[in-house]
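The following note sets out some points for a colleague who is examining this structure. Please read each point beside the displayed model.

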Amino acid sequence: MLNPDQVVYLNGEFLALEDARVSVLDRGFIYGDGVYEVIPVYSRQPFRMPHHLRRLQYSLDGIRLGNPHTEAQWETLVRELIVKQPFADQALYLQITRGVAKRDHAFPPGVPPTIFMMSNPFPFPTRDQIDHGVAVVTAEDNRWDRCDLKTISLLGNVLMRQVAVDHNAVETVLFRDDRLTEASASNVLIVKHGGVIAPPKDHLMLPGITYDATLEIARAIGLPVDVRPIMRKEALSADEMWLSSSTREVLAITKLDGAPFGGGTPGPVFRAVWQAFQERKPHPSDASAHALNR
Ligand SMILES: Cc1ncc(COP(=O)(O)O)c(C=O)c1O
């Protein structure tokens, strides 16, 4: 449900969602010409904000758009938006587009970017998803080859996600030329013989902040971690397969293309990493989140 009174940020102002207006000539609307970030916030504490701001800079560099703010300025704006929300656990969305200009593919000279931020209640995974895992489908990754940039041009990802929805699944796991890349809005990791294996960060996948956190946590609890290309055959015969993202945290895949996967139940390595993840992130506030952590 849209809340028209929700406080959002647009171009230097905090204002009600219903008053936030952008020109139809904005290049985000016309071309999908912009980048974004989603920062998880627990108990009003952003999790790994410096990592998100660094990736934002990487995406901006990748599309040749200047960063309108320093890291310190971003941090101030992000924290201001967080305190203006009536809920404590949030998923903060931040977007920068190449601004408003007469329609022409070439970059418009001297146009200020459009900066938009909103923060919504954190969409915690359900107890059922954590305890029993989630269903995915697989598909050929047909997106462009700069998937390392977090751009708002997400049509490829949108179409891939809908394939999952059409099959009552939560995600679509993608393979390009038989190599595991990621999923429509998550990274994918596998487990074999007790060790975690993750595809290397390259131009074919988003360098996930949760992917990094998950690998760090796996190493911290003493698990072997191997970062290397994963072929379809290896992925599909893995002992466990996980999704990672800022809002899903880490979730086990227990059904793949309609058949049980990994014995149909979250595996022991997932359980250990999930628990360690919960212990390392800032403590959430919401009653539902407390219930999850019991
Ligand atoms: C395509 C894609 N891959 C991976 C991720 C996970 O990234 P992060 O852990 O930084 O949320 C996302 C997040 O939305 C995504 O859209």
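1. The model is a predicted one. Within this model, Thr254 belongs to strand S14, which covers residues 249-256. Its relative accessibility is 8%, so Thr254 counts as buried, the cut-off for that class being under 20%.

2. Beyond its neighbours within four places in sequence, Thr254 is in contact with His132, Gly133 and Val134, and also with Ala259, Pro260, Phe261, Gly264, Thr265 and Pro266.

3. Helix H8 (residues 268-280) packs on helix H6 (residues 209-220) at an angle of about 105°, and the two axes are 10 Å apart. H6 is therefore roughly perpendicular to H8, a term that applies to angles of 65 to 115 degrees. On the H6 side, the contact is made by Thr210, Ala213, Thr214, Ile217, Ala218 and Ala220; H8 supplies Val273, Ala276, Phe277 and Arg280. Classified by type, the residues of this contact comprise seven nonpolar, two polar and one charged.

4. The length of H8 is consistent with its residue count: at 1.5 Å a residue, its 13 residues should span 18 Å, and the end C-alpha atoms are 19 Å apart, which agrees. The buried residues of this helix are Val269, Phe270, Val273, Trp274, Ala276, Phe277 and Gln278.

5. At the level of the whole chain, the domain assignment gives domain 1 as 7-121 and domain 2 as 127-293. The C-alpha centres of the two domains lie 26 Å apart. Their contact takes 28 residues from domain 1 and 27 residues from domain 2.

Note on methods:
Residues numbered from 1 in each chain as written. Predicted model: local features only at pLDDT ≥ 70, side-chain atom pairs only at ≥ 80, totals over all residues. Heavy atoms only, no water. Helix = DSSP H or I, 4+ residues; strand = E, 2+ residues; numbered from the N terminus. Buried < 20%, exposed > 50% of the residue type's maximum accessible area, 1.4 Å probe, protein only. Contact = heavy atoms within 4.5 Å. Axes fitted to C-alpha atoms, helices over the stretch in contact; angles between N-to-C directions. Parallel < 35°, antiparallel > 145°, perpendicular 65-115°, else oblique. Nonpolar A, V, L, I, M, F, W, Y, C, P; charged D, E, K, R; others polar. Expected span 1.5 Å × (residues − 1). Domains from an automatic or database assignment.
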